[in-house]
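Colleague: Please take a close look at one part of this model for me. I would like to go through the surroundings of the ligand.

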Amino acid sequence: MTQELIDLFSDTVTRPTAAMREAIANAEVGDDMSGRDPTVNRLEALAMELFNKEAAVFACSGTQSNQMGVRSHCQPGDELLINETGHIANWEAGGPAILSGVSVRTLHNPRGDGMLDIDDLEGKIRADDQHLCRTRLLCIENTTNAGGGRAYPLEQIARVGEWAHSNGLKVHVDGARLFNATVARGYSPADVAMHVDTISVCFSKGLGCPMGSILVGSAEEIRSARRSRKLFGGALRQAGIVAAAAVYALQHHVERLADDHANAWFLAERLAEIDGITIDPDNVQTNLVFFDIDPRLGSSTQFATRTAENGVRLCPIGGAQRIRACTHLDVDREQIARAVEIIAECAASIPVGAVASTEGPY
Ligand SMILES: Cc1ncc(COP(=O)(O)O)c(C=O)c1O
């Protein structure tokens, strides 16, 4: 009998539901590159309304919409500020430098939550001097991915946004998991948007779509972003096929993110009971669960290989002993409970004194 794989690697593994596939099959489509795809237009209008922004543009991926956002604010030679764990800084193939000629200045935050506050930013804007690049943009991530799935408090977004604007910076939010933040914190997308300039959101993570992202901002920023989308090879034709999934997800998959968060809590609390695993469940705010394994269980890669062989896929990331588990649409409470049993069995079956590896960080 083949064992079912419980895939907690990422929320990117979600597959479209039958109802979403039906919405895809029935999508009205047209040539989006000339603004004539009714489903893309509907999605963009929906996003403008949700975020209360002047304009929105559909993009292929979160990476693409982040890079369109960066380019809409910056010119070659400019610099952006971001937490050192930020996706834009670490996981987008050097996009700001390659696609926009922008340098990335990563900032340390001793709290380790992947966020930025005024104390982290104060003194980081470069003087107007011919020798220096121009500090132009602040990027924040909500929720933070490598920062632990934390959702910004609204007051912090307001504080940081005001600080950035009063210092002449634009603010871009990498909101790949923005709806996890709105559901966890109880604020609306428009509550966030009023304090920042552009926001990118992914449809292919917790919202369960096969692909797609959206960037919202001012009419001018989005006009510029549309040009970049074309330049980056991301302007599509009958994109309504995928935009239909995103419309469906906005209508049906946002509120249910609370189930993923409850499952993440359940998982964290059970993991905390396993010998050799260290986790503080109070740090789990959304659907990302980070934990550390004792070196006697091997490296995070070795341990994740062992759990995968036994039916649970985990993501070794963020350090030699650090692992991320992600709850999502395609795993229910029962599967999470089974995953905990498998992880506990794997931890218990490793001989005491096994040699630790120093691989990583990932
Ligand atoms: C915080 C964050 N931003 C952006 C992205 C980019 O999304 P994609 O890889 O789909 O382009 C991801 C993907 O994991 C992410 O976690």
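How many Å lie between a polar side-chain atom of N145 and an oxygen atom of the ligand?

Modeller: Keep in mind that this is a predicted model. The distance you ask for is 2.9 Å, from a polar side-chain atom of N145 to an oxygen atom of the ligand. Two further contacts belong beside it. The side chain of D174 has an N or O atom 2.6 Å from a nitrogen atom of the ligand. G62 takes part through its backbone: an N or O atom there lies 3.4 Å from an oxygen atom of the ligand. On its own, the ligand has 390 Å² of accessible area, and the protein covers 82% of that.

Now step back to the whole shell.

One more residue is worth a look, T14. Find T14 in the loop that runs between β1 (6-7) and α1 (18-25). Is T14 buried or exposed? Its relative accessibility is 5%, so T14 counts as buried; the cut-off for buried is under 20%. Then look along the chain to H328. T14 and H328 are 314 residues apart in sequence. In space, their C-alpha atoms are 7.1 Å apart.

Methods
Residues numbered from 1 in each chain as written. Predicted model: local features only at pLDDT ≥ 70, side-chain atom pairs only at ≥ 80, totals over all residues. Heavy atoms only, no water. Polar contact = N/O pair within 3.5 Å; in protein donor to acceptor, adjacent residues only side chain to side chain. Areas by Shrake-Rupley, 256 points an atom, 1.4 Å probe, with all protein chains shown as cover. Helix = DSSP H or I, 4+ residues; strand = E, 2+ residues; numbered from the N terminus. Buried < 20%, exposed > 50% of the residue type's maximum accessible area, 1.4 Å probe, protein only.
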